[in-house]
Amino acid sequence: MEPLKIKATELSPEIELDPAIGKFLISGNSLPENARGFYEPVIKWLDIYAESPNDKTEFEFKMILLNTTSTKLFIDIFRKINKIVEYDGVEVNVIWNYTFGDDDIHDVGLEFKEFCKASFELVAVSDDEI
């Protein structure tokens, strides 16, 4: 399975999904005009990965801005994460980074934490770490 890499723009996040090492990153702003179209290849890629995941998978989110449409599509991403968790012997960790004091991104992370079946860590970071 090939990695999926999408470069960040002002309105869309950087995405790096590397199955060889089991590390997945979504980082930046998520404000695309067509969020469904933007995230569709990511969700399809995760569908394939979920059929035969690594023994250990780490999802790291470093969100700055996140619109409502993107939040709804992140639910689909977390559904794929939950599917991966269902495999016996598979360890899945989620790290949700938010800028210290950004209550909105923190609260979105809390909502995903309640929904997510994986180990989930909320991490406050400085502006330059996002």
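**Rings, a buried serine and a sheet**

Reply: Trp 45 and Tyr 49 are four residues apart in helix H1, so about one helical turn separates them. Helices (H or I, at least four residues) and strands (E, at least two) are DSSP runs numbered from the N terminus. The model is predicted, so local features require pLDDT of at least 70 and side-chain atom pairs pLDDT 80 or more, whereas totals for chains, interfaces and linings use all residues. Residues are numbered from 1 along each chain as its sequence is written, and side-chain values use heavy atoms, without hydrogens and water.

Me: Are Trp 45 and Tyr 49 buried or exposed?
Reply: Both Trp 45 and Tyr 49 are buried (under 20% relative accessible area; exposed is over 50%, partly exposed in between, with a 1.4 Å probe and protein chains only).

Me: How many aromatic pairs are there?
Reply: Rings of Phe, Tyr and Trp (its six-membered ring) pair if their centres lie within 6.5 Å; planes under 30 degrees apart are stacked, over 60 edge-to-face, the rest tilted. The count here is 14 aromatic pairs. For Tyr 39 and Phe 74, the ring centres are 5.5 Å apart and the planes stand at 80°, so this pair is edge-to-face. It links distant parts of the chain, since Tyr 39 belongs to helix H1 (residues 35-51) and Phe 74 to helix H2, 35 residues apart. Trp 45 and Tyr 49, by contrast, are stacked, at 5.7 Å centre to centre with 10° between the planes.

Me: Which residues form one aromatic cluster?
Reply: The cluster consists of Phe 38, Tyr 39, Phe 61, Phe 74, Phe 78, Trp 96, Phe 112 and Phe 120. Tyr 39 is buried at 0% relative accessible area, and Phe 74 is likewise buried at 0%.

Me: With which side chains does the side chain of Ser 30 make a polar contact?
Reply: A polar contact is a pair of N or O atoms within 3.5 Å; within protein, one must be able to donate a hydrogen and the other to accept it, and residues adjacent in sequence count only if both atoms are side-chain atoms. The side chain of Ser 30 meets that of Tyr 39 at 2.5 Å and that of Ser 70 at 2.7 Å. Ser 30 lies in strand E3 and is buried, at 0% relative accessibility.

Me: What is the order of the strands in the sheet?
Reply: Two strands pair if DSSP finds at least two bridges between them. The six strands of this open sheet follow the order E1-E2-E3-E4-E5-E6, with mixed pairing. Strands E1 (4-6) and E6 (119-125) are at the edges with a single partner strand each, so one side of each has no neighbour in the sheet. E1 pairs with strand E2 (residues 14-18) in the antiparallel sense over three bridges; Leu 4 has Leu 17 in E2 as its bridge partner.
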